[in-house]
Amino acid sequence: MIETESGVFLEKTKKDEILTPETKIDKSVKPVLAMSNEKIVIETKTLDFYYNADAHALKNINIHIPDKKVTAFIGPSGCGKSTLLRCFNRMNDLISDAFHTGEILINGVDIYKEGTRLEDLRKQVGMVFQKSNPFPMSIWENVAFGPKVNGINDKDELNEIVESALKQGDLWREVKDRMQNSALDLSGGQQQRLCIARALANKPEIILMDEPASALDPISTGKIEETIEELKKNYTIVIVTHNMQQAARISDYTAFMMLGELIEVDLTKKIFTNPTQKLTEDYITGRFG
Amino acid sequence: MNSAKSYQKKKGTGYVFTSGLGLVISLAMVAWIIIIILVKGLGFFWPGDVLQVKLQNGDSYMGELWDEHLDKETLVEETQIKIGNRDVYGRDFIWLKNNEIASRSYPENAVTFERMEYGNFYGFIKAAYLDDKIVQPGDGETLKDVVFDVHDQAMDTKEQINDLQEEATEIMAPLAEVQREMTLLQLAGAEETATGKQQFDELQKKADELDKEISPQIEKINAQLTTLVLRDRASYLEVETADGTTKHIELSSIVRFFYPNEMGAVSKSIHYAGKLWEFVADNPRESNTEGGVFPAIFGTVLMVLLMSIAVVPFGVLAAIYLNEYAKQGAIIRFIRLSVNNLAGVPSIVFGVFGLGFFVYAVGGSIDQLFFSSKLPEPTFGTGGILWASLTLALLTLPVVVVATEEGILAVPRANKEGALALGSTKWQMIRKIVLPNAMPGILTGLILAISRGAGEVAPLMITGVVKLAPTLALDGSFPFLHLDRKFMHLGFHIYDVGFQSPNVEAAKPMVYSTALLLIIIVVLLNLFAIYIRNNLRKKYKTSTF
Ligand SMILES: Nc1ncnc2c1ncn2[C@@H]1O[C@H](COP(=O)(O)OP(=O)(O)OP(=O)(O)O)[C@@H](O)[C@H]1O
Ligand SMILES: [Mg+2]
């Protein structure tokens with residue numbers, strides 16, 4: 001597993017002279033997987049992202065993410081997985097100096113098109129963060145937060161939404177008798193499932209998850225994975241993970257990134273058994289990092 | 001190695017000792033001032049025994065023992081007595097040399113009178129008169145029983161007089177209004193134009209009609225009043241001072257009287273409680289040196305509330321803008337620095353600004369626009385509780401801004417991003433996530449603002465505080481809250497009574513009592529805000545995970 005900062009990683013690779021990305025990427029192999037028979041939900045075209053003029057975080061990303069599937073992003077720390085994920089719901093807009101070139105399409109529509117309401121986009125593309133971030137409110141209030149800010153005020157309707165979201169998040173059984181208790185009194189795993197349920201309450205189409213289980217114990221992680229398994233029937237899920245086994249277990253497609261570049265995307269089975277790129281193979285077999 | 005270690009240790013102990021000493025000294029000073037204020041402020045209301053002294057030269061004085069000391073030059077013990085009877089002696093206190101005092105006694109029948117004017121009177125009651133006729137005690141009655149009874153009667157009469165006077169003012173009100181309009185017309189020079197003259201004549205006719213209509217009622221009331229006032233003046237006590245001078249005291253001018261030397265601890269305590277109550281619930285008497293301070297308490301609390309209402313929204317909005325909306329950079333840094341420096345500007349400067357901006361500019365314009373009929377008499381164009389509160393709000397704004405900013409900075413970024421990721425707008429995020437979480441910080445700012453604002457006197461003196469406000473800013477007449485009215489304030493009261501009153505020595509205890517009250521009120525207001533803050537803290541305690 002890769003725990004090092006990107007800088008440390010670079011230093012190490014140079015010193016060991018095992019790999020330099022430029023030499024090892026086989027440019028003859030197309031990194032973009034054209035998933036022929038599937039509906040594409042998210043698509044990027046020659047996406048370049050800069051945190052500022054000197055920090056080029058994403059380089060020429062072209063990817064297709066299919067509908068109602070789990071797509072996992074793997075890669076060494078600092079390679080830009082979170083950055084790419086945060087492009088999909090425009091969370092990077094919060095960073096004042098950041099800018100991008102290229103296009104990001106969701107259902108074929110440019111999310112930066114003029115007249116796009118940011119609130120609608122984020123309702124459509126939900127997000128679960130690495131560290132669970134329940135609001136200091138009751139459990140009920142947490143889950144109802146999204147529908148409420150999106151204009152639903154009817155109490156019965158809200159109750160219904162909260163219940164179904166918590167059921168989908170596999171938390172209903174545990175909290176149904178203490179909906180008015182503070183969400184902060186839940187355990188770490190429960191808090192993360194609450195955050196998933198909170199995202200689901202908005203009835204999104206896509207759910208972005210940035211290392212949702214990395215701070216949890218194995219049992220909680222298992223529960224989250226079960227939840228994801230259940231969710232992919234109805235949602236398109238994009239997940240970042242450092243845990244290779246996890247990617248292999250839950251995802252249909254896996255994308256491997258390195259130093260801001262998308263190296264390879266393919267069916268998870270193929271990536272883990274017979275990757276096209278040497279770099280991918282080295283990473284998966286743990287030969288560097 | 002060893003010596004270095006012990007040296008370091010020694011040095012450390014020195015620092016600990018010095019800082020500890022500093023803390024102890026400041027705590028001791030705070031405790032000292034509070035104890036002084038408590039003792040002197042609370043002791044004032046205790047009914048002291050009345051001491052009678054006879055001097056070797058035959059003079060005799062009576063009053064409360066006030067102080068004793070050794071004169072450093074003559075090395076003679078001296079005793080200070082509060083002899084009261086200002087209308088007789090022309091002073092309240094006297095220093096007597098102990099070696100000239102022949103005898104001291106506490107006569108049972110000595111009486112302390114608290115009067116509406118001229119301070120206390122110490123003496124003996126000789127007889128009571130109602131309507132110029134002496135009232136003899138009946139069978140089994142003592143003179144003492146009689147005097148309390150006649151005092152009650154006199155107080156009733158006084159109340160009747162007040163009621164009748166109020167009634168008369170009410171009846172006269174329409175006529176007074178017409179007359180005021182006529183004066184205004186005259187002032188405006190209306191008599192020189194034809195229409196003006198016509199208007200004036202119409203008003204004159206109306207006034208005459210009204211006059212005819214109400215004069216029978218007024219005459220009736222006046223007749224009643226005359227008898228009552230005459231009776232009031234002819235009801236008095238005949239009293240004698242320690243040296244045998246007799247004097248008449250009108251019964252209605254006596255607030256209360258009692259026989260302190262006969263009173264036990266219980267009745268003294270009851271008396272004490274009554275006096276305390278009078279202090280917090282009554283109007284002041286005798287240019288503020290006697291009676292209560294209720295209007296000042298009311299003014300202080302109302303002003304602090306108005307100030308809070310004004311300062312919190314502005315301070316919070318400013319802090320939100322600085323942290324959430326403004327693009328961080330040199331300009332914002334400069335603004336932040338300026339706001340912080342505002343806290344260091346002397347308060348009188350704010351007062352001058354308040355006078356120039358709020359009173360003259362804003363108040364003057366309001367008068368022009370809405371109260372032009374009353375001009376040249378100003379309504380809002382003069383000092384008032386609203387302008388004073390706003391001036392203090394300005395003064396305390398930096399405190400609220402800084403504290404709120406700290407509260408906002410403490411809100412976890414993850415929570416803010418979480419709210420935005422759920423599709424909330426920035427404002428929804430601020431309202432639902434940032435503000436509730438920053439609430440303890442905001443209240444800390446409010447607490448600091450109250451502490452600073454409640455004690456300020458200088459800026460108030462030029463923006464609306466007065467030594468005696470005849471009417472409270474909140475009353476039963478429409479529109480109930482009269483923001484244009486002048487008001488009294490405990491801080492100013494201390495200054496006024498302690499340094500501006502004609503009889504500083506007699507007013508000294510009042511200064512302590514008022515200071516104590518001011519401290520108590522500031523503490524209570526703060527406790528209230530702290531209570532709310534702690535409740536909110538519990539509610540918004542940050543995630544443990
Ligand atoms: N706000 C920012 N400003 C400037 N550079 C940033 C910012 N956030 C991230 N970066 C840089 O962008 C690069 C990609 O960061 P990103 O967070 O996307 O990595 P990641 O793949 O998610 O890593 P990890 O697996 O450790 O989470 C890193 O080199 C990082 O230092
Ligand atoms: Mg990341």
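**A working chat about the model**

Author: Leaving aside neighbours within four places in sequence, A:Arg193 is in contact with A:Gly169, A:Asp170, A:Leu171, A:Glu174, A:Lys223, A:Ile224 and A:Thr227. Keep in mind that this is a predicted model.

Reader: Which helix does A:Arg193 lie in?
Author: A:Arg193 is part of helix H8 of chain A.

Reader: Is A:Arg193 buried or exposed?
Author: Buried. The relative accessibility of A:Arg193 is 4%, and the cut-off for buried is under 20%.

Reader: Move along the chain. Where is A:Asn202?
Author: In a loop of chain A. The loop runs between helix H8 (188-200) and strand E7 (206-210).

Reader: Why does A:Asn202 count as buried?
Author: Because its relative accessible area is 4%, and buried means under 20%.

Reader: What does A:Asn202 touch?
Author: Beyond residues up to four places away in sequence, A:Asn202 touches A:Lys123, A:Gly146, A:Pro147 and A:Asn150, plus B:Leu422 from chain B.

Reader: Which side chain makes a polar contact with the side chain of A:Asn202?
Author: That of A:Asn150. The distance is 3.1 Å.

Reader: How far is A:Asn202 from A:Gly126, C-alpha to C-alpha?
Author: 7.6 Å. Along the chain, A:Asn202 and A:Gly126 are 76 residues apart.

Reader: Switch to the ligand. How many residues surround ligand 1?
Author: Twelve. The closest are A:Ser77, A:Gly78, A:Lys81, A:Ser82 and A:Thr83.

Reader: Which helix gives the largest share of that shell?
Author: Helix H3 of chain A, residues 81-88. Three residues of the shell around ligand 1 come from there.

Reader: What kinds of residues make up the shell around ligand 1?
Author: Seven are polar, three nonpolar and two charged.

Reader: How much of ligand 1 does the protein bury?
Author: 62%. Taken alone, ligand 1 exposes 640 Å².

Reader: Now whole chains. How many helices and strands are in chain A?
Author: Twelve helices and ten strands. Chain A has 289 residues, and 53% of them count as buried.

Reader: What about contacts and surface in chain A?
Author: Take contacts in chain A with a separation of 6 or more: 69% join residues 24 or more positions apart. The accessible surface of chain A is about 12700 Å², and 48% of that belongs to carbon and sulfur atoms.

Reader: Chain B next. How many helices and strands there?
Author: Chain B has 14 helices and 13 strands.

Reader: What is the radius of gyration of chain B?
Author: 32 Å. A compact globule of 545 residues would have one near 24 Å. The C-alpha atoms of chain B fill a box of roughly 95 × 90 × 45 Å along the principal axes.

Reader: What share of chain B is buried?
Author: Buried residues make up 43% of its 545 residues. Chain B exposes about 29300 Å², with 62% supplied by carbon and sulfur atoms.

Technical notes. Residues numbered from 1 in each chain as written. Chains lettered and ligands numbered in written order. Predicted model: local features only at pLDDT ≥ 70, side-chain atom pairs only at ≥ 80, totals over all residues. Heavy atoms only, no water. Near = heavy atom within 4 Å. Areas by Shrake-Rupley, 256 points an atom, 1.4 Å probe, with all protein chains shown as cover. Helix = DSSP H or I, 4+ residues; strand = E, 2+ residues; numbered from the N terminus. Nonpolar A, V, L, I, M, F, W, Y, C, P; charged D, E, K, R; others polar. Rg over C-alpha atoms; globule rule 2.2 N^0.38 Å. Buried < 20%, exposed > 50% of the residue type's maximum accessible area, 1.4 Å probe, protein only. Contact = heavy atoms within 4.5 Å. Polar contact = N/O pair within 3.5 Å; in protein donor to acceptor, adjacent residues only side chain to side chain.
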